[in-house]
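Dear colleague,

My notes on what was found in it follow below.

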Amino acid sequence: MTTKSREESVKVMARVRPMNSREISSNCVKCVHILSEQSLSIGEGTEERQFTFDFVFDESHSQQFIYETSSYDIVESVFQGYNGTIFAYGQTGCGKTHTMLGDPASETGRGVLPRCFFHCRAIQLGETGRQFLLRVSFLEIYNEQVFDLLTPGRERREVKEAPGTGVFVKDLAMLPASSLEEMLRLLDRGTKARAVAETAMNKESSRSHCIFTVHVEAADTPAGQPRFTASKLNLVDLAGSERSDRTHAQGDRLKEGAKINLSLTALGNVIKALVDGKAKHVPYRDSKLTRILQDSLGGNTRTLMLAAISPASDSFEETLSTLKFT
Ligand code: ADP
Ligand code: MG
């Protein structure tokens, strides 16, 4: 798929992480080669395949550069009233969480989420003509069930649909985030709730999707009349895309894997239908993930998919499937 066929509102970028010590010590070679800022190849000789992106990041690109190139414009447009969604996609260990979260406490290490918070605050403080109310929610989708990461006890929530409102998560906590510190604190609280549940249920975070949403309400008075607009920014850390038949999952793990793949497959189908532009039916209803994000994907919204990949030869199959997904 080339960038030319894509709708302006959907951008797909790739980030190739450095080889890790395990890959180096097991004598992996690099099977991914960056050809330009817009293209990369995988495989050698007659097996070689090339893929085009809106941008390809390599290990030399800083978290800040990645933010500015990929996410900055989306956050700006959220404050102009558009919904926006940023995903990280790829197999476990390829750099999704590093890209989305990174180390929030480190100026150079922080990822897309904390940088969005700084950016939101800067816009909020910098605009004098409009007033903004920011609230945040944080949910986890595990096994096609939705959990609220900002309530004590990580309560289960239902996805509902109402005329006029559309699809929403009933009773999901939406907490005011009136300062940068408060946003970071809520992010930290939800991340810890997720980790506690993992330990209790003997699972890893790589098996669940999570969506951190910044809800922006703006008020201004053009021509003396009060006007309100609402928009949201969804920041999504997806479950690992590896296939369960390769990780030899059985029983519950296998069922879980199938459900994770269901959400990812549904997301891939939705993105493909949107990119295609001509598809009459966009299959939002096929999974919890795509239902919840329905009003933030396609139409008058901005979407960014960041494909995180390992360059190592032993991830060849998974990387190829990540590249094909986008
Ligand atoms: P995922 O969330 O996709 O499972 P992680 O983001 O947790 O993967 O990354 C796995 C490990 O690789 C982490 O220790 C992370 O710090 C490291 N890592 C990932 N991407 C990069 C990168 N671009 N540069 C340096 N280290 C990275
Ligand atoms: Mg992760």
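S41 is found in strand 3, which covers residues 39-42; helices (H or I, at least four residues) and strands (E, at least two) are DSSP runs, numbered from the N terminus. With 2% relative accessibility, S41 counts as buried, where buried means under 20% relative accessible area, exposed means over 50%, and partly exposed is in between (1.4 Å probe, protein chains only). If residues up to four places away in sequence are not counted, S41 touches C31, V32, H33, L35, E48, R49 and Q50, a contact being heavy atoms within 4.5 Å.

Before going further, please keep in mind that this is a predicted model, in which local features need pLDDT of at least 70 and side-chain atom pairs count only at pLDDT 80 or more, while totals for chains, interfaces and linings use all residues. Residues are numbered from 1 along each chain as its sequence is written, chains are lettered from A and ligands numbered from 1 in the order in which they are written, and side-chain values use heavy atoms, with hydrogens and water left out.

Another serine, S36, has its place in strand 2 and, at 33% relative accessibility, counts as partly exposed. The side chain of S36 has a polar atom 3.0 Å from the backbone nitrogen of Q38, and a polar contact of 2.9 Å joins the side chains of S36 and S39. A polar contact here is a pair of N or O atoms within 3.5 Å; within protein, one must be able to donate a hydrogen and the other to accept it, and residues adjacent in sequence count only if both atoms are side-chain atoms. S36 and L235 are 199 residues apart in sequence, and their C-alpha atoms are 27 Å apart in space.

S70 lies in helix 2 (residues 63-70) and is buried, because its relative accessibility is 6%. A polar atom of the side chain of S70 lies 2.6 Å from the backbone oxygen of I66, and, leaving aside neighbours within four places in sequence, S70 is in contact with M13, F57, L304 and L306.

H209 lies in strand 13 and is buried, with a relative accessible area of 2%, and its side chain reaches the backbone nitrogen of A239 at 3.0 Å. G268 is found in helix 7 (residues 251-276) and is buried as well, with a relative accessible area of 3%.

What is the phi of N27, and what is the phi of N143? N27 has a positive phi of about 60 degrees although it is not a glycine, and N143 likewise has a positive phi of about 60 degrees without being a glycine. Most residues other than glycine have a negative phi.

Helix 5 (residues 112-126) has 15 residues, which at 1.5 Å a residue should span 21 Å, and its end C-alpha atoms are 21 Å apart, which agrees; the expected span is 1.5 Å times one less than the number of residues. Because 11 of the 15 residues of helix 5 are buried, the helix is largely enclosed by the rest of the structure, and among these buried residues are V112, F117, H119 and I123.

Finally, the largest pocket holds about 490 Å³ of space. It is lined by 23 residues, of which F168, M174, H215, K232 and D295 lie nearest its centre. Strand 7 (131-142), strand 11 (166-169), strand 13 (209-220) and strand 14 (227-237) each supply at least two lining residues, and strand 13 gives the largest share, 5 residues. By class, the lining has 11 nonpolar, 8 polar and 4 charged residues; Ala, Val, Leu, Ile, Met, Phe, Trp, Tyr, Cys and Pro count as nonpolar, Asp, Glu, Lys and Arg as charged, and the others, Gly among them, as polar. On a 1 Å grid over the protein atoms alone, a pocket is an open set of points where a 1.4 Å probe fits, with protein on both sides within 12 Å along at least five of seven lines, and lining residues have an atom within 4 Å of a point. Grid points are joined across faces, edges and corners, and a volume is the space filled by probe spheres set on the points.

With best wishes
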